[in-house]
Amino acid sequence: MSIAPGTLYVVATPIGNLDDITRRALEVLGAVDLIAAEDTRHTRRLLARFGIGTPATALHEHNERQVCGRLVERMRDGAAVALVSDAGTPLVSDPGHLLVRMAHEAGLAVVPVPGPSALMAALSVAPLPVHRFAFEGFLPARAAARRGLLESLREEPRTLVFFEAPHRIGAALEDLCAILGRERRAMLARELTKVHETLLCASLGELARRVAADPEQRRGEMVLVVEGAPAPPSGTAGLDEAARRLARGLARELPPARAAALAAEITGRPRKLFYRFLVSEEGGGQ
Ligand code: SAM
């Protein structure tokens, strides 16, 4: 395969099962001048498994600035470089963002070599709608920050996806139950593509119970997929008869926008719902 000089290849690698490496990934890794790896020992083991002897250099958060500058210089001089992380797709909760950004800024070609990702693997087997989703990466480790983030996601209608560490999954599920409710459907996908691959599909409450009761469910690498917030009632279905009477009464004295605002203030229900009702035929159609 021909490798373009002065190019950064961003290469996905397996998340467990080595057979998931793509032919193109192997060709690129074998043909570039240098591989920038999150952990060179880990990547050398992968390369050795496929008989690839390309040199690797470490690129992680502690040396990023300095190493990225050097790599961009080498690519400017015509070198082809591959970026890999320990597993899966670089940049997805993994290092590499700075190198990709600097390569773009330097006017170098940046080429994806797509392949495995725990995020997409989990979504592909989730019993939840995934045509739209919100990927939140790792939940914050500290309880206060985690709860704050979950509060901000309470009304998010898209399916939610989190990476979580095994020693925090119990606490995270408890917080999810407390903030999003125990009823939401969810899936805990563990050890995807590996020997102990497990998909646990249940309500958040049931998942929390199973994970607390069975230490096996707290082992390995995991992705948590959670159903989004239920859609708000469409039309005016969310207003009971008392709320409708109140709105009609206010609308006899006030313009609909003002009446809706006042009714919302009195009942704590959304202003939009009252407004929609008041301008509908049922509400007087003003
Ligand atoms: N960039 C990687 C990717 O695209 O899959 C993700 C890197 S992130 C540092 C590592 C996290 O991904 C793990 O803590 C876990 O949440 C998830 N993960 C990675 N491999 C996994 C697997 N085989 N099964 C389930 N989750 C996995």
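T193 is partly exposed, at 25% relative accessibility (buried means under 20% relative accessible area, exposed over 50%, and partly exposed in between, with a 1.4 Å probe and protein chains only). T193 sits in the loop between strand 8 and strand 9 (strands are DSSP runs of E of at least two residues, helices are runs of H or I of at least four, and both are numbered from the N terminus). The phi angle of T193 is near 70°, a positive value in a residue other than glycine. Most residues other than glycine have a negative phi.

The model is predicted: local features need pLDDT of at least 70, side-chain atom pairs count only at pLDDT 80 or more, and totals for chains, interfaces and linings use all residues. Residues are numbered from 1 along each chain as its sequence is written, and side-chain values use heavy atoms, with hydrogens and water left out.

L91 also has a positive phi, near 80°, and is a residue other than glycine. L91 belongs to the loop between strand 4 (81-84) and helix 4 (97-105). With 33% relative accessibility, L91 is partly exposed.

S85 is located in that loop between strand 4 and helix 4 as well. S85 is buried, at 2% relative accessibility. Its side chain makes a polar contact with the side chain of D94, at 2.9 Å (a polar contact is a pair of N or O atoms within 3.5 Å; within protein, one must be able to donate a hydrogen and the other to accept it, and residues adjacent in sequence count only if both atoms are side-chain atoms). The S85 side chain also reaches the backbone oxygen of A87, at 3.2 Å. Leaving out residues up to four places away in sequence, S85 touches T13, E38, P90 and D94 (contact means heavy atoms within 4.5 Å).

The ligand is surrounded by 19 residues (a residue is near a molecule if one of its heavy atoms lies within 4 Å of it). The closest are V92, D94, A118, L192 and M222. Polar backbone atoms face the ligand at several points. An oxygen atom of the ligand is 2.6 Å from a polar backbone atom of A118. A ligand nitrogen lies 2.8 Å from a polar backbone atom of L192. A nitrogen atom of the ligand is also 3.0 Å from a polar backbone atom of I15.

A122 is placed in helix 5 (residues 118-124). A122 is buried, with a relative accessible area of 0%. Not counting residues up to four places away in sequence, A122 touches M187, A189, L192, V223 and V225. R41 is 81 residues from A122 along the chain, and their C-alpha atoms are separated by 27 Å.

The largest nonpolar core holds 24 residues (a nonpolar core is a set of buried Ala, Val, Leu, Ile, Met, Phe, Trp, Tyr and Cys residues joined through side-chain atoms within 4.5 Å). F162, L173 and L224 have the most contacts inside this core. At least two core residues come from each of strand 7, helix 7 (169-180), strand 8 (185-190), strand 9 (198-203), helix 8 (204-213) and strand 10 (222-226). Helix 7 gives the most, with seven residues. L173 is in contact with L204, L207, A208, V211 and L224, leaving aside its neighbours within four places in sequence. Another core lies apart from this one and has 18 residues, among them A36, L71, M75 and L99. In soluble globular proteins, nonpolar side chains tend to be buried together.

A search of the whole structure gives two aromatic pairs (rings of Phe, Tyr and Trp, the last by its six-membered ring, pair if their centres lie within 6.5 Å; planes under 30 degrees apart count as stacked, over 60 as edge-to-face and the rest as tilted). F135 and F163 pair edge-to-face, at 5.0 Å centre to centre with 70° between the planes. F135 lies in strand 6 (residues 133-138) and F163 in strand 7 (residues 159-164), so this pair ties together parts 28 residues apart in sequence. F135 is partly exposed at 27% relative accessibility, whereas F163 is buried at 9%. The ring centres of F138 and F163 are 5.5 Å apart and their planes are at 65°, so this pair is also edge-to-face. F138 is in strand 6 and F163 in strand 7, so the pair ties together parts 25 residues apart in sequence. F138 is partly exposed, with a relative accessible area of 46%. F135, F138 and F163 form one aromatic cluster.
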